[in-house]
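User: I would like to understand how this chain is packed. Please take me through it by question and answer.

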Amino acid sequence: MSEHDAGEPAAAAGRTPDVTTAMVTALVRLRGALQEAHLPLELPGAEEQRAAKAEMVDQLEDYVIPRLMTLDAPLLAVVGGSTGAGKSTLVNSIVGTRVTTPGVLRPTTRSPVLVHHPSDAKWFGQDRLLPELERVDRQTNDPGALQLVPSPVMAPGLAVLDAPDIDSVEEQNRLLAAQLLAAADLWLFVTSAARYADQVPWDFLRRAAERSAAVAIVLDRTAPDAVDTISTHLARMLASRGLKDSPLFIVEEGEVSDMGLLPSTAVLEIREWLQALAQDQEARSAVVQQTLEGAIRTLGRRTHAVADAATEQVDAVRRLRDDVNDAYDRAVSAVGEASADGTLLRGEVLARWQEFVGTGELLRTLETRVGWIRDRVVSAVKGKPQQAERVTVAVESGLETLILEHAEAAAERAEASWRSTAAGQVLLRDAGEDLGRASRDFRRRAERAVRDWQADVLDMVRSEGADKRSTARFLAFGVNGLAVALMVVVFAHTGGMLVGAEAGIAGGSALLGQKLLEAVFGDQAVRSLAERARRRLEASMSDLLDAERRRYTDLLDSLEVSPEAPERLRAAARKVDDLRYAATHPAGAPDDPSQEPAQDPAQDEPPRMSGTGDGAP
């Protein structure tokens, strides 16, 4: 077959340069969308999609994007397979010299070895294939390094990479093997007569079939008398799993030389097949196109599954956040109601207020004779500065207790909601503190907030009475006395929430405080003061509880689950699919893929590679 011009890589892959550039851009955006889509919550299927997402990012970075940008680079055949299948011995035998070291002990921890013709060295730099692997020119046990071995025996246009075992007992080896196979143009999959039916190799081959990767199978270490039986069975297994067109080569069991090489005749068919592939640019391009197109198509399909998982994460975060907001919104509302409906005007607060205004008799009389004139009320009050201070302390204690009770209740409700889900349980476990209780320093913060509010009330009274400080009434009650009266008015600002005698006591207490304030400031000023003090109290209490709420919501924010991530993923996948469709359909076809006539999905796949190996069905 005639050689294609190496300067026209896009044409070799069935794309125009403009389409190739657009596809690279779309794939880079797809990679970004995948990287930004976080799946941190332990939801059903999340672990599987996290692994899929990582695999897809690796494949985009290690193979799809670099290969699409360098379509005329040498064909990369990755030799992979099970432990003890003889991969390294096979690679050495194909090359004809010892370039990679077979492992004596299992598992073999070593770097992958890439053998190439010296003239192709430029294609395997750090900025191209498998960029995360350090390039070295020596043997090493570092799985993070890629050992490059130039060999004039290799045909230009072809490179062979010896990968770790896919079923290694060491996870790092297994992950690296999977990463290398995902970066291959051609899988040279090695198994043995003893291991060919194992599940792990077939899991890899199933994935290869799903994305139409070019695969050739080597049945290694096969006894001559078992060749027919095993190769026939293996061929049937390949056909039933969508790999009927994959070449099947048989390497009979034989003596290994002192150099660790099989007899030349044992691997002659494989060597000739690879050399023929290397010498035929059109055939190489067809293999690259088959694997690359399959990888791109599969990436688009798998992205939608990740997008669905991302949607589930967004929904779960929203539900967890709603549960927290509901618990703390209820607490904020309850504190607001209890601090305005007269609830606080009982117990210690009521007793100290009664001391300040004189006796309980005044309140009981006031309850039945609310029409008393203001001056009679004022003249009956016997409050002294120390008594006003006792009211202040009682108010402080009552407010702190109220806030703490509702903060604890909100924490318990939020924790119970989260504990009812697996995702919430993991978040609670990893929170670093007991979220089912108020913060350890909450009481201290509540004390400071109440004192700050009381100081604000004092400042409001002092500011409002700036031009009245010399009057007899102002002097009689003092700033502290008028401030506690304003606090009492605030605590019964809404009224009507208590029943029976308590309603009368609370209402009377508030009315008496209001009359005292009106005697000094006037009606309108008192209403304004009460409203301002009330708003500041609500804001202070809300800030306290919101800080407690943020212990939960900050955890959710730290997950970085973006509501926009699912649609970004879907949009990126649609763009890739649209470009792939445009590249594989002639001009004049419908612009909208949804308008395309229905057809067998297999018709949209590139032609599968074929080979001449023994046993191929």
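User: Which residues does I270 touch, not counting residues up to four places away in sequence?

Analyst: The model is predicted, so local features need pLDDT of at least 70 and side-chain atom pairs pLDDT 80 or more, while totals for chains, interfaces and linings use all residues. Residues are numbered from 1 along each chain as its sequence is written, and side-chain values use heavy atoms, leaving out hydrogens and water. Contact means heavy atoms within 4.5 Å. Under that rule, I270 touches L90, I94, L188, V218, F249 and V251.

User: Which residues touch the most other members of the largest nonpolar core?

Analyst: A nonpolar core is a set of buried Ala, Val, Leu, Ile, Met, Phe, Trp, Tyr and Cys residues joined through side-chain atoms within 4.5 Å. Buried means under 20% relative accessible area, exposed over 50% and partly exposed in between, with a 1.4 Å probe and protein chains only. The largest core has 106 residues, and those touching the most other members are L27, V64, L114, L161 and I270.

User: Which helix gives the largest share of this core?

Analyst: Helices are DSSP runs of H or I with at least four residues, strands are runs of E with at least two, and both are numbered from the N terminus. The largest share, 10 residues, comes from helix α9 (residues 281-338).

User: How are α9 and α18 oriented to each other?

Analyst: Axes are lines fitted to C-alpha atoms, for helices over the stretch in contact, and angles run from 0 to 180 degrees between N-to-C directions. The axes of α9 and helix α18 (residues 523-558) come within 10 Å and cross at roughly 160°. Angles under 35 degrees count as roughly parallel, over 145 as roughly antiparallel, 65 to 115 as roughly perpendicular and the rest as oblique. The two helices, α9 and α18, are therefore roughly antiparallel.

User: How are α2 and α19 oriented to each other?

Analyst: Helix α2 (residues 17-36) packs with helix α19 (residues 565-584) at an angle of about 160°, and their axes are 9 Å apart. By the same cut-offs, α2 and α19 are therefore roughly antiparallel.

User: Is N141 buried or exposed?

Analyst: N141 sits in the loop between β3 (134-136) and β4 (145-150). Its C-alpha is 5.4 Å from that of S111, although the two are 30 residues apart in sequence. Because its relative accessibility is 58%, N141 counts as exposed.

User: What percentage of the chain's residues count as buried?

Analyst: The chain has 19 helices and 8 strands. Of its 617 residues, the share that counts as buried is 51%.
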